[in-house]
Amino acid sequence: MKLHDLRPAEGSRRKRKRIGRGHGSGKVKTGGKGMMGQKARSGPGPYRTFEGGQNRLVKRMPFKRGFTNKFRVEYEVVNVGSLVDWPAELEVTPESLLARRLVRRKRLPVKILGDGELNQPLVIKAHKFSASARQKIEAAGGKAIDLTWVVERHSRSRGPNPSMRNARQSS
């Protein structure tokens, strides 16, 4: 077998349509575009949501109303009632809550809420406590210790802030 003997598999290649090249081609007058109309013209067609002039679905949908705060912090929530059978000698930390499957996502801060009763003194470390939870923990003889939570906010610029660079050079 030589290079000049190589051929593509039978039926794998198809000749391109040659539009407007005589009556024998079957694609003469309108070139396969039907008769008149917006789709027969050159250039891009109508926009994606176009429905033939009918009021389109996108406009028929109700607007998304209200306000979403992009700086909102979501918490992993644990109720005081779910810590009832926790061993008194063990500290309650976000890591231990994660190990016992009371918290699912380790990237989120943990907040302790006051639903349920607590009957043993526990040392609970969390990022936030509700007022009723703190009251119930301290009433049972335990401690509620606040942990710090640093929210990482990333700049959308590709590098250091140019205005800050200029400020440093001038001083």
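Of the 17 residues in the largest nonpolar core, the ones touching the most other members are Leu83, Leu97, Ile112 and Ile124. Such a core is a set of buried Ala, Val, Leu, Ile, Met, Phe, Trp, Tyr and Cys residues joined through side-chain atoms within 4.5 Å. Two or more residues come from each of β2, β3 (123-126) and α3 (131-139). Keep in mind that this is a predicted model, where local features need pLDDT of at least 70, side-chain atom pairs count only at pLDDT 80 or more, and totals for chains, interfaces and linings use all residues. Residues are numbered from 1 along each chain as its sequence is written, and side-chain values use heavy atoms, with hydrogens and water left out.

**Around the core**

- Leu83 touches Val78, Val92, Leu97, Leu102, Leu118, Gln120, Leu122 and Ile124, leaving aside residues up to four places away in sequence; contact here means heavy atoms within 4.5 Å.
- In soluble globular proteins, nonpolar side chains tend to be buried together.

**Strands and a crossover**

- Helices (H or I, at least four residues) and strands (E, at least two) are DSSP runs, numbered from the N terminus.
- Buried means under 20% relative accessible area, exposed over 50%, and partly exposed in between (1.4 Å probe, protein chains only).
- Strand β1 (residues 76-79) runs parallel to β2, joined to it by four bridges, and Val78 stands opposite Ile112.
- On to β4 (residues 128-129): this strand pairs with β2 in the parallel sense over two bridges, with Lys111 opposite Lys128.
- Strands count as paired if DSSP finds at least two bridges between them.
- β1, helix α2 (residues 94-99) and β2 make up a right-handed β-α-β unit; right-handed means that, with the strands pointing away from the viewer, the path from the first strand over the helix to the second runs clockwise.

**Salt bridges**

- There are six salt bridges in the structure, each a side-chain nitrogen of Lys or Arg within 4 Å of a carboxyl oxygen of Asp or Glu.
- One of them joins Arg105 and Glu76 (3.0 Å, N to O). Arg105 sits in the loop between α2 and β2 and Glu76 in strand β1, so the pair ties together parts 29 residues apart in sequence.
- Glu76 is buried at 9% relative accessibility, whereas Arg105 is partly exposed at 46%.
- Another links Lys125 and Glu91 (3.4 Å, N to O). Lys125 is in strand β3 and Glu91 in the loop between β1 and α2, so this pair ties together parts 34 residues apart in sequence.
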